[in-house]
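Please open the model in your viewer and keep the sequence panel beside it. The stops below say what to select next and what is there.

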Amino acid sequence: MQTIKTNIIPSKAIFAKVDVPHDLNLEAICVFCAIGFFLEEDTFYKDEIVLAPATTYILDENLHAQETKPWFKWYYTPRDITFEQALDEFTNLFETIIKEQTEGKKVILPLSGGLDSRTQAVALKAINSNVSSYSYKFQNGFDEVKIAKQIAQICEFDFVAHTIPKGYLWNVVDKLADVNHCFSDFTSPRQMAIYNQFDNAGDVFSLGHWGDVLFDSMNLPELDESEQVDVLLKKIIKRGGLEFASELWQTWNLPGGFEDYLRSRILEMLKTIDIKDTNARLRAFKSKYWAPRWTSANLSVFEQHKPISLPYYDNRMCEFICTVPEAFLADRKLQIAYIKLRNPELAKITWQDQRPFNLTNYQLNKMPYNLPYKVYGKLKRSIEGRLLGKSYVQRNWELQFLGKDNKKQLENSLLSDNLDAIVPKAISKKYLDAFMNESPLLNAHAINMLLVLSKFNTSKHV
């Protein structure tokens, strides 16, 4: 017997067994194909599960769960505190966690143009000067590296810039399938392009995952339960995912309709969260069900070479969030105030989501103040496209799936007899043709999922 206590937000999947036949879980696979991740304890097989968050398990020698007991439930009990008190508490907690996770170690810090890694940079600058930072951008994409480099320079961190190249995926896709167990698509973890370049970079990664969810609000009015389900479905279903999953559901002769099945699953999951405030409840839903099965799925890419630390995943941070008034979390107020207070110079660097504005003037990102930047950006992309033949890249799949060489790789994977064992070749060909000849944007997600299913069936990773 062994006892396993999972974290509030687990950083990796821990597997167990249940006493049912070793059959493909076709309903779960349809959900995966619609939203890009598995729900709750689901995997590709009915008899293999992933341990749920915030739960104590007793497993026997065959990894069958003999007893389970939740030890934490998300709640929302806002305290009567001032914003300054909340900021002071966050500062102390965040820097304590960062110190515990990194003290005496050389830290590897991925930097972006957003706020989560910037808050880490602030804390690490104050606590640990031994930091090696890096950033990456897409080939012919927005130069996110420029912002990250400015952050590193102000903090006096070592810095390396990387470019995510076209077609790298085909050299690493088999490795990635082993690393993430085929639990996500293969183009979202763009860090896989440089996963083997960190052997001498440092001792531990400090990753900012989930900060943008915990320290923000959806800014929704109070909604009833059915309306909350509508919001969640709109958030999690990928473009074209509902249609693709519904077609598989019909092909596999599953009972009822897929859309009704998915909606009922989401409703039952939402009912497990006893929170009245709409925004706090949806944050809790995402943290309980989305983070462990989507965000955590590709943390293993980092762990291939170095240990990882995640300050926003810390149990204390999750419990802190449950007590902070929603108004203090909305619009990233606490993170912005923390950066401005602890390192004002970093606050003056462009905030990517509000470019060209920064943390001191982002309120001006509206007409007419942002008109010159919007006009300039549109003209720049137009000139580069027409005169230089460049296509502005916003998504990793554009680099990995578009073009003659990528098309050949996709055809080899999606039209093989191997995938035909799960998905009829006619369906694969239909979506591949639609992606290549009609609408890449509408069909990219289906192509991503077909590629995952192909690699899963090659070696049965789970």
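**A tour from the sheet to the core**

Begin by selecting helix 4 (residues 144–155), which lies across strand 7 and strand 8 and runs at about 165 degrees to strand 7; axes are lines fitted to C-alpha atoms, for helices over the stretch in contact, and angles run from 0 to 180 degrees between N-to-C directions. Helices (H or I, at least four residues) and strands (E, at least two) are DSSP runs numbered from the N terminus. This is a predicted model, in which local features need pLDDT of at least 70 and side-chain atom pairs count only at pLDDT 80 or more, whereas totals for chains, interfaces and linings use all residues. Residues are numbered from 1 along each chain as its sequence is written, and side-chain values use heavy atoms, with hydrogens and water left out.

Next, show the open sheet of five strands, whose order is 8-7-6-9-10 with parallel pairing; two strands pair if DSSP finds at least two bridges between them. At its edges are strand 8 (158–164) and strand 10 (308–309), each of which pairs on one side only. Helix 3 packs on this sheet, touching strand 6, strand 7 and strand 9, and its direction makes about 150 degrees with that of strand 6; contact means heavy atoms within 4.5 Å.

Now select strand 6 (residues 107–110), where Val107 and Leu109 on one side and Ile108 and Pro110 on the other are all buried (under 20% relative accessible area, with a 1.4 Å probe and protein chains only). Four bridges join strand 6 in parallel to strand 7 (residues 131–138), and Val107 has Val131 as its bridge partner there. Strand 6 also pairs in the parallel sense with strand 9 (residues 204–206), over two bridges, with Ile108 standing opposite Phe205.

Move on to helix 14 (residues 333–342), in which Leu334, Gln335, Ile336, Ala337, Tyr338 and Ile339 are buried. Their cover includes helix 2 (83–102), helix 3, helix 6 (211–214), helix 13 (326–329) and helix 15 (344–347).

Finally, turn to the largest nonpolar core, which has 149 residues, with Phe44, Trp74, Phe215, Ile266 and Met317 making the most contacts inside it; such a core is a set of buried Ala, Val, Leu, Ile, Met, Phe, Trp, Tyr and Cys residues joined through side-chain atoms within 4.5 Å. Helix 21 (residues 440–459) gives the most to this core, with nine residues. Apart from this core lies another, of seven residues, among them Leu51, Ala52, Tyr57 and Leu59.

Note on methods:
Buried < 20%, exposed > 50% of the residue type's maximum accessible area, 1.4 Å probe, protein only.
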